[in-house]
Amino acid sequence: MSSFANRDVISIRDFTRKELEELLSHAEEMERVYERGGDDRLSGKILATLFFSPSTRTRLSFESAMHRLGGDVISLGGKEAASTAKGENLADTVRTVEHYCDVIVLRHPKEGAARLAAELTDVPVINAGDGANQHPTQTFLDLYTIMKEKGRIGGLRIGLLGDLKYGRTVHSLAYALALFGAKIHLISPEELRMPSHILEELEQIGAEVEEHRDLGEILPDLDVLYVTRIQREMFPDPEEFERVKGSYKVTRELIEEHARSDLVILHPLPRVDEIEPDVDELPQARYFDQVRNGVIVRMALLDLILGGG
Ligand code: CP
């Protein structure tokens, strides 16, 4: 039986490299299922999406993945439409919804919310983002995309650009890249540096990490450039946001003049202004392929959790 069977997915730190490889390998199989239009292996199973903060890709790709495998989906429909608006707490919501479904996908603005939910129920809980903390399923699809584009992860020079302070996708991804032996280049304004506790953790697991303030100095060496937006909604102080907004931008000129032709540009999306729209036409831009991979990887994950793979 798969080690994912009936398992919570809360933090990337809960997974070994071997387990991540199992998921990536199953995603390769699931890509063929996706291309055939899906099947009905999860018929009779129900996925509940509880999103207490905004999402387009994560919620819809989980729902799409479940539908493509023949399962059903129920959704809270946002906190304003739910009894949360009447003052119900997360614990009571989870202890209610567990009777309606076989797996819960939860996004919540508070760090630790998914871990708390998982402790309250035997139904598997998948963390779809908890504050600035973790977004493990985004990392799964990021790893799959890098594998697909480059054929490996170990030894690649991977730049993480942007808001490394509040960006939960890069907090999860940096750890996973270290497990796979990539060389990590952290590129951010001083104010948006990767938090020190994550840098210390990366050091402890033997990651090769370099910090940069300027994209231009490292861009020519990169195999992958992973861009993030400034997480405006996470800033406790609006003035702090004003000081850093617009402080980095990926332009067509920059890529054409300084990047390798086989560079892969990724972005978890949504994008605001950190990648100019005309970069989309360049062969290096792969962020909409990354979106497609999100459905495939979430199909693989749901199948391993609910169906046993
Ligand atoms: N990448 C990501 O988490 O996108 P959404 O916020 O739209 O779900």
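**Reading the ligand site and the domain contact**

Analyst: In this predicted model, a polar side-chain atom of H135 lies 2.9 Å from an oxygen atom of the ligand. The side chain of T58 also places a polar atom 2.7 Å from a ligand oxygen atom, whereas P268 takes part through its backbone, a polar atom of which is 2.8 Å from a nitrogen atom of the ligand.

User: Which residues surround the ligand?

Analyst: The surrounding residues are S55, T56, R57 and T58, together with R107, H135, Q138, P268 and L269. One of these, L269, is joined to P270 by a cis peptide bond, with omega near 10°, and P270 itself is found in the loop between β9 (264-266) and α11.

User: How is the chain divided into domains, and how far apart are the centres of domain 1 and domain 2?

Analyst: According to the domain assignment, domain 1 is made of two stretches, 12-132 and 291-307, while domain 2 covers 136-290. Their C-alpha centres are 25 Å apart, and the contact between them draws on 30 residues from domain 1 and 29 residues from domain 2.

User: How should I read the area buried between domain 1 and domain 2?

Analyst: The size of an interface is often given as the accessible area that is lost when the parts come together. Here, domain 1 and domain 2 bury about 2500 Å² between them, and 61% of that area is on carbon and sulfur atoms.

User: What polar contacts and salt bridges are found between domain 1 and domain 2?

Analyst: Side chains of opposite charge can pair when their charged atoms come close. Between domain 1 and domain 2 the count is two salt bridges, and E31 forms a salt bridge with K148, in which the closest N and O atoms are 2.9 Å apart. For polar contacts, the rule finds 18 residue pairs across this interface, counting pairs in which both residues are at pLDDT 80 or more. On the side of domain 1 that touches domain 2, the elements giving two or more residues are α1 (17-35), α2 (57-68), β4 (125-130) and α11 (287-307), and the residues of that side divide into 13 nonpolar, seven polar and ten charged.

User: How many salt bridges does the rule count in total, and why does the pair of D14 and R115 tie together parts that are apart in sequence?

Analyst: The count by this rule comes to 28 salt bridges, and among them is the one in which the side chains of D14 and R115 meet, at 3.3 Å from N to O. Because D14 lies in the segment before α1 and R115 in helix α4 (residues 113-120), the pair ties together parts that are 101 residues apart in sequence.

User: What is the phi of N6, and where is N6 placed?

Analyst: Phi of N6 is near 55°, a positive value in a residue other than glycine, and N6 has its place in the segment before α1.

Note on methods
Residues numbered from 1 in each chain as written. Predicted model: local features only at pLDDT ≥ 70, side-chain atom pairs only at ≥ 80, totals over all residues. Heavy atoms only, no water. Domains from an automatic or database assignment. Contact = heavy atoms within 4.5 Å. Buried area = accessible area lost by both parts, 1.4 Å probe. Salt bridge = Lys/Arg side-chain N within 4 Å of Asp/Glu carboxyl O. Polar contact = N/O pair within 3.5 Å; in protein donor to acceptor, adjacent residues only side chain to side chain. Helix = DSSP H or I, 4+ residues; strand = E, 2+ residues; numbered from the N terminus. Nonpolar A, V, L, I, M, F, W, Y, C, P; charged D, E, K, R; others polar. Near = heavy atom within 4 Å.
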